[in-house]
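Visitor: I would like a close look at a single part of this structure: the interface. Please walk me through what holds there, residue by residue where you can.

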Number of protein chains: 2
Amino acid sequence: MSPAQGRSRAGAGPGPGPGRGGRPGRGGRPGRPGHDLESILRTAVRLFTERGYDATSMEDLSRALGITKSAIYHHVSSKEELLRLATGRALDGLFSAAAAVEALPGRAIDRLERLVRDSVAVLVAELPFVTLLLRVHGNTAAEREALARRRAFDQFTASLVKQAVADGDLRPDIDPVMTAKLLFGMVSSAAEWYRPERGGGSGPGGGGSGPGGGALAEAICKLAFEGLRT
Amino acid sequence: MSPAQGRSRAGAGPGPGPGRGGRPGRGGRPGRPGHDLESILRTAVRLFTERGYDATSMEDLSRALGITKSAIYHHVSSKEELLRLATGRALDGLFSAAAAVEALPGRAIDRLERLVRDSVAVLVAELPFVTLLLRVHGNTAAEREALARRRAFDQFTASLVKQAVADGDLRPDIDPVMTAKLLFGMVSSAAEWYRPERGGGSGPGGGGSGPGGGALAEAICKLAFEGLRT
DNA sequence: ATGATGACCGTCCGTTCGGTCAGTAATCAA
DNA sequence: TTGATTACTGACCGAACGGACGGTCATCAT
């Protein structure tokens, strides 16, 4: 409330860096310590997914970071750029997985399964960014750009499905485009409920045991390729 | 732009009712003709799903309806109530499907498949409402209420999966909760891409032939229960 | 000591937001 | 013609929005 509050916090405290739970810890960089673009981006993505992009004001973000609103604009040119950076990171991961799969030998069905597993790995590794990406619906220019890249990814997976059907490895009585959408619909839905294990053994209700959500990928592949029925 | 625009549009025109593409057509009701709650709700849901709930202003909605912002508040008490009505309609459909399935005889796996098919039917029949429901993430009180009902539905499906596993009809090597989430993750994802056929035969890229997205439900059940592999 | 660097503050702006209110306009039944 | 019913207008309010601005402050290499 008082105008001196922010200043007094900045000047007080025994340690040099800001207290809080934030992670502005950087390694011996010049200049005044504090947040950098990365720490701001991660907090922004967290808030965007928690409360929605539009519902999150820059002042909300500033409060969460423990700095003022104007300080954010020292690191980023606009609110939309935060969204662009976040979706870009998720898409980069997905596309690098697609590129790796594309350069792979073997049957299409095996490469498709590999793409599913790698996509799950990206989902788990970059969960906040992927979650945000999957909630984007094309309101702003940045969102439309992200949607276009997502469509390109979908088309790649669809072409893989078509190849596998042509190889006689996948059932031909489902439209390949629909197959691809349902397959990655499962993967995408996991962004809304999968949470990495934080501690002990494989407890109930969780998701993936092993590193990087291996159980999640395993479940999706079993369900999709072999079917649920015994 | 000009302040007289709204008035001139309302006063002009040959017909008594509002022109536009809106559907205020009602059947011989008393009072001044125009929009009723239903027509406003449908337009609101359309805009909410197109541009997002938070990104859609009440003035956006009023423009789309061809009336003023304050006229909306004659039909509805708040913006949030529109959201409550919309999600409520979708959930009512889903829960009536669940209730019908619950009172059904037969093996759990068959009732589960029936629930999937009926859920797809609800999805298709109330596509705008269900789509909006699935995008809700718990920011407001109305959204949290919708989320709670969604969780109850998920728990019902999970219990059905557990029964089917106990019956020996579903593979036991996937956690039942995860199975349920993946299964309905496919159904939910369809809300983002399924569009009912508007015209001729089963063209490519579309979704469901037959009435009510039968092909969609068929594809999901084949994929989930029998698997994609030949 | 000094200057470059990077992080940050406080204040203000034009605009838009959800919502209110008193009054008006069109339709039906009596 | 009157009155009940329903739909609607236009002016307005307080608050919050994204963003811009000039100035300040701590830290580094020199």
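**Where chain A touches chain B**

Guide: Gladly! In this predicted model, 22 residue pairs, both at pLDDT 80 or more, are in polar contact across the interface of chain A and chain B (N or O atoms within 3.5 Å, one able to donate a hydrogen and the other to accept it; residues adjacent in sequence count only through side-chain atoms on both sides). On chain A, the elements giving two or more residues to the side that touches chain B are helices H2 (37-51), H6 (108-125), H9 (176-190) and H10 (214-226) (DSSP runs of H or I, at least four residues, numbered from the N terminus). H10(A) gives the most to that side, with 9 residues.

Local features need pLDDT of at least 70 and side-chain atom pairs 80 or more, while totals for chains, interfaces and linings use all residues. Residues count from 1 along each chain as written, chains are lettered from A and ligands numbered from 1 in written order, and side-chain values use heavy atoms, without hydrogens or water.

Now to the extent of the interface. Chain A brings 38 residues to the contact and chain B brings 38 residues as well (heavy atoms within 4.5 Å). About 4000 Å² is buried between them, with carbon and sulfur atoms giving 62% (accessible area lost on pairing, 1.4 Å probe, summed over both). Leu182(A), Leu228(A) and Arg229(A) supply 20% of the area that chain A buries against chain B, more than any other three residues.

In one of them, Glu113(A) pairs with Arg229(B), whose closest N and O atoms are 3.6 Å apart. Over all chains, the count is 30 salt bridges. Glu113(A) sits in helix H6 of chain A and Arg229(B) in the segment after helix H10 (214-226) of chain B, so this pair joins two chains. Glu113(A) is buried at 18% relative accessible area, whereas Arg229(B), at 31%, counts as partly exposed (buried is under 20%, exposed over 50%, partly exposed in between; 1.4 Å probe, protein chains only). Glu113(A) and Arg229(B) also belong to a network of salt bridges that links them with Arg117(A), Glu218(A) and Glu226(A).

Another bridge brings the side chains of Lys222(A) and Asp173(B) together, at 3.1 Å from N to O. Here Lys222(A) lies in helix H10 of chain A and Asp173(B) in the loop between helix H8 (141-166) and helix H9 (176-190) of chain B, so the pair joins two chains. Asp173(B) is partly exposed, with a relative accessible area of 39%.

Finally, turn to the nonpolar side chains. Of the 132 residues in the largest nonpolar core, Leu82, Met186 and Leu216 of chain A, and Leu82, Met186 and Leu216 of chain B, touch the most other members (buried Ala, Val, Leu, Ile, Met, Phe, Trp, Tyr and Cys joined through side-chain atoms within 4.5 Å). Take Met186(B): leaving aside residues up to four places away in sequence, Met186(B) touches Leu182(A), Met186(A) and Leu223(A), along with Ile220(B), Leu223(B) and Ala224(B).

Key
Buried area = accessible area lost by both parts, 1.4 Å probe. Salt bridge = Lys/Arg side-chain N within 4 Å of Asp/Glu carboxyl O.
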